[in-house]
Every structure is written in structure tokens, then in C-alpha cells.
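Hello,

Here is the structure I promised to pass on. My notes follow below it.

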Amino acid sequence: MQAIIRVENISWQRQGRKILEDVTWEVKPGEQWAILGLNGSGKTSLLNIVTGFQFPSSGYTEVLGTVFGKGGNIPNLRQEIGFVSSALKRFEKPFNSQTAKAIVLTGKYQSAQIFSFHEITAEDEARAEAILERLGIGYLTKQYYRTCSQGEQRRILIARALMNRPRLLILDEPCAGLDVKAREEVLAMIDRLAASETQVLYVTHYIEEITPAITHLLLLKDGSVVAQGPKAEVLTDENLTQTYKLPVSIREHQGRAYLQIEQA
Ligand SMILES: Nc1ncnc2c1ncn2[C@@H]1O[C@H](COP(=O)(O)OP(=O)(O)OP(=O)(O)O)[C@@H](O)[C@H]1O
């Protein structure tokens, strides 16, 4: 079976510093992964490699059947990946003056807006509306982005990332900066997507954001893998203490894990 992501022994160095060191990791179809690590642990660097924005100094990378550096077409691959990250902040200004539906439509071309040379069919319009409905934000269809709450804006960006029927949806800290209620609304949406047919890769600092539909975890520390595999095996006090460089223990409540800081 073709892997969704396969990286073997990848390392990435910058200015003599190892940012990623000997990372080997495989995501199989149907596995829902989260990557967890502190600031600077290498999460975004790994995503940049997986999406072809950065080439590793060494190692093998294969994503959705595209082998990097072997004539694999990376722009085509990117069309198959939905991406929500802080990089979308650069689109905030043009997004502000568009409705939720118009923003979802921009997902077709992964652009900031629809230009005259873009083709938008009646089917695309219906699809954009259907995605918003399916995600429970149909009420925002005609609402301007700037008037939406931050939680609603994040959910619109996730809807946009689904426009192209991606084979992989990457969510890089999609809850950053949200209050507790907005975060829970975004997480509930992601959990429903991950529990359905959508292949999700979720990146975060916080174990509290690992919802029941996430099945596998990759823990990173200083560019190296602390542990990886099925959630139940990886989510241990010892692994998290290493990952967070702090003595911690895990509490579980209704299928979610919560972090407790222990006295050193
Ligand atoms: N282009 C670059 N040149 C030099 N150093 C870099 C570059 N990109 C990232 N780094 C360094 O690599 C380390 C890992 O950064 P990265 O952004 O991957 O971490 P992260 O886990 O995503 O952090 P955060 O949670 O804060 O987003 C950091 O120390 C960062 O300074």
C-alpha cells in the first residue's frame, strides 16, 4: 500500500546547525497523525520538507507517491495537499474584503482571491457552499471574513483547504491564539473530519488538542524523534517529560489527554 508520507533518515542543517536529525517516519493511509513538540523542535521544518518547500540535506522523502528529487512534480503534489498554517496570514488583507464562500473558492487555485483568468464553475460554487454547510458554518456563507470571529475565520480556512479534495490535510497549529471556546469549536470540526474520510496531519504544542480521532503521534525534540507510533503507546509521562524538557504527567478525561506539570 502506498504511504501517505515516507521520510527516511532525513537531516536538515542550516548554518552548521542540525535542525532535523535522522528523522524516519511513515504515515499509512487511514492513520491520523499529530506532530507534537516545543517551539523550535523542528515541526515546521519537517512540514516544509514534506510539502517540498525545503529540501533536506540528506535522506529520502516520498509524499502521496511523489518521490522528491527524482523528477517528482512538486507543484502538482501541492495541489493534492490542503494546508492551513500561519503562512496564510499574508492573505489576510485580501481575505478581509471577501465573503466566506469567495474565500473557500480561492482554495481551488490556492490563491488570495479569484482573478479573471481563473475559472469558477457552477459546480465549484455549489461545492464551496456544500463544504461550508458540511463543516457547520453554512451560516457564514455570505458573511465577510473581517466580520467573522477568529474561530470562525479558522474554520473558513479549513473549508478553503478542502476545496480541492485534498488527499492530505495539513493543519499547522490551527488553534494558535484562539480562546478556549473557539479552540474547542475548531477541534470539534477537525475531529469530525479526521473521523471521516479526510487524511489529517495535525501539528501542535499542546496534547490537549489531540482529539480522539487522532490515532498516531510523532514527538519531536531538538530536531530528533523522541517517540512515534500509535497514540496509546506514545502518550506516556516519560515520553512527554522528554519532549517538553519538564517533569510532566498525563491525565485523561473523556478520550482527551491533559498535561500536569510535576515538581522537579
Ligand atoms: N531557514 C532557516 N535558517 C536557519 N534556521 C532555521 C531556519 N528555519 C528554521 N530554523 C531553526 O530551526 C529550528 C526549528 O524551527 P521550526 O520552525 O521547524 O520549529 P517549530 O517546532 O515549528 O517551532 P514553533 O512551534 O515555534 O513554530 C529553530 O531553532 C529555528 O530557528
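Helix α1 (residues 43-50) contributes the most to the shell around the ligand, with 3 residues. Helices here are DSSP runs of H or I with at least four residues, strands are runs of E with at least two, and both are numbered from the N terminus. The ligand is surrounded by Arg14, Gln15, Ile19, Gly37, Asn39, Gly40, Ser41, Gly42, Lys43, Thr44, Ser45 and His205. The shell divides into 1 nonpolar, 9 polar and 2 charged residues. Ala, Val, Leu, Ile, Met, Phe, Trp, Tyr, Cys and Pro count as nonpolar, Asp, Glu, Lys and Arg as charged, and the others, Gly among them, as polar.

Two points on the source. This is a predicted model: local features need pLDDT of at least 70, side-chain atom pairs count only at pLDDT 80 or more, and totals for chains, interfaces and linings use all residues. Residues are numbered from 1 along each chain as its sequence is written.

Now the overall fold. The protein chain has 9 helices and 12 strands. Its C-alpha trace spans about 55 × 45 × 35 Å along the principal axes. A compact globule of 264 residues would have a radius of gyration near 18 Å, and the 19 Å of the protein chain agrees. That radius is taken over C-alpha atoms, and the globule rule is 2.2 Å times the number of residues to the power 0.38. Buried residues (20 or more other C-beta atoms within 10 Å of their own, with C-beta atoms placed from the backbone) make up 36% of the 264.

The unreviewed UniProt entry annotates residues 5-247 as "domain: ABC transporter". Such annotations may be inferred rather than shown by experiment; positions are in the numbering used here and feature names are shortened. Over residues 5-247 the chain is 33% helix and 25% strand.

Next, a hairpin. Strands β9 (residues 216-221) and β10 (residues 224-230) pair in the antiparallel sense over 6 bridges; pairing takes at least two DSSP bridges. Lys221 stands opposite Ser224 in β10. Between the strands are 2 residues, and Asp222 takes a positive phi near 50°.

Two other non-glycine residues deserve a look. Glu173 has a positive phi near 50°. Glu173 sits in the loop between β7 (168-172) and α7 (180-195). Gln254 has a positive phi of about 50°. Gln254 lies in the loop between β11 (248-253) and β12 (256-261).

Best wishes

Note on methods:
A residue is near a molecule or strand if its C-beta atom, placed from the backbone, lies within 6 Å of it. A residue is buried if 20 or more other C-beta atoms lie within 10 Å of its own, exposed if 12 or fewer, and partly exposed in between; C-beta atoms are placed from the backbone.
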